[in-house]
Amino acid sequence: MLAGSLLAWADEAPRVQSAGSRIVLAWQADGQPVRAQLLAAPGRVIGSADACYGDSNSIIVVWEESPADGSDTDIHAQKFSAAGTPLWGAAGIVVNDFRGHQRAPRVAAVPGGVVIVWQSDSAGPRNNNIWCQHILNDGRARWATPAAVCTARGDQRAPAIAADQDMGVVIAWEDYRKGHADIYAQRIDADGAPLGSEDGVAIEDAPGDQRNPRFARASHEALMLVWDDYRPGFSAPVQVQSDLTHLPVPEPHGVLVMAVLAAWYARATRHGVR
Ligand SMILES: [Ca+2]
């Protein structure tokens with residue numbers, strides 16, 4: 001097992017519970033359970049959080065944090081060793097504290113560190129955009145500034161992220177540029193450059209809302225994107241799944257093409273019932 005490698009997704013994901021003033025973490029290191037706790041500074045509130053495995057059985061946790069009045073929300077991160085010791089200083093690092101609200105952070109391990117993605121309303125209300133940053137194993141930002149994933153008009157929110165097989169990441173999100181919720185995605189290379197068309201490609205923009213994208217691994221090779229689809233004609237949202245393993249693939253001539261959505265299928269399921 002190559003700890004911290006792209007194989008890390010094969011492990012059960014670290015468990016993250018965030019509740020107001022603290023985050024409780026539980027994960028496996030060398031088959032042993034590890035627990036750690038992260039406390040908000042006095043007067044600070046912790047919101048949504050996510051975690052992934054890092055190198056040497058560490059975990060990297062990311063969270064949104066704000067003052068008690070919620071006037072400004074920023075993205076923070078911390079790394080814990082396999083012994084549960086914080087490694088990026090006592091308070092962790094600030095990933096992004098630009099103006100406005102940075103929210104809904106998600107993290108994926110990549111060679112040398114992690115890529116953290118979030119939504120930001122720094123461009124104005126109802127204009128959340130998607131940004132990401134590569135944080136190295138030692139806690140330093142790899143890119144001089146965060147990389148823009150999507151800055152299209154309207155809201156882009158609720159990003160999901162997964163490592164691709166080429167040192168980069170695939171990011172998907174809810175996109176409201178056409179008024180209702182659609183699913184868009186973009187591939188970002190190891191230098192923070194988008195490999196797809198500007199502001200991403202539409203994965204599904206059918207009538208009605210498509211929401212809550214999240215990644216799953218169908219096999220070692222296939223990277224599946226799943227979302228909840230509220231299109232007209234369905235009595236309940238269905239889960240739709242699409243293979244994004246090769247999204248988008250640079251062709252030899254430099255032309256970017258969408259992956260063939262060969263594995264596209266829909267499976268009717270009652271919302272919230274497994
Ligand atoms: Ca902020």
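Student: Over how many bridges do strand 13 (residues 169-175) and strand 14 (residues 182-188) pair?
Tutor: This is a predicted model: local features need a pLDDT of at least 70, side-chain atom pairs count only at pLDDT 80 or more, and totals for chains, interfaces and linings use all residues. Residues are numbered from 1 along each chain as its sequence is written. Two strands pair if DSSP finds at least two bridges between them. Strands 13 and 14 run in the antiparallel sense, and their bridges number 7.

Student: Which residue of strand 14 stands opposite Val 169?
Tutor: Look across to strand 14, residues 182-188. The residue opposite Val 169 is Ile 188.

Student: How many strands does the protein chain have?
Tutor: Helices (H or I, at least four residues) and strands (E, at least two) are DSSP runs, numbered from the N terminus. The helix count here is 0. The strand count is 21.

Student: Which residue in strand 10 stands opposite Trp 118?
Tutor: Strand 9 (residues 113-120) and strand 10 (residues 129-136) run antiparallel, joined by 8 bridges. Trp 118 faces Trp 131.

Student: Is Asp 30 buried or exposed?
Tutor: A residue is buried if 20 or more other C-beta atoms, placed from the backbone, lie within 10 Å of its own; it is exposed at 12 or fewer, and partly exposed in between. Asp 30 lies in the loop between strand 2 (22-29) and strand 3 (32-39). Its phi is positive, about 55 degrees, although Asp 30 is not a glycine. With 10 other C-beta atoms within 10 Å, Asp 30 is exposed.

Student: Where is Asn 212?
Tutor: Asn 212 is not a glycine, yet its phi is positive at about 60 degrees. It counts as partly exposed because it has 16 C-beta neighbours inside 10 Å. Its place is in strand 16 (residues 210-217).

Student: Which residues is Arg 44 in contact with, leaving aside its neighbours within four places in sequence?
Tutor: Two residues are in contact if their C-beta atoms, placed from the backbone, lie within 7 Å. Arg 44 sits in strand 4 (residues 44-53). The contacts are Glu 65 and Pro 67.

Student: What pLDDT does the protein chain average?
Tutor: pLDDT is the predictor's confidence in each residue, from 0 to 100. Of the residues, 83% score at least 70. Over residues 1-10 and over residues 249-274 the pLDDT is below 50. The chain average is 84.
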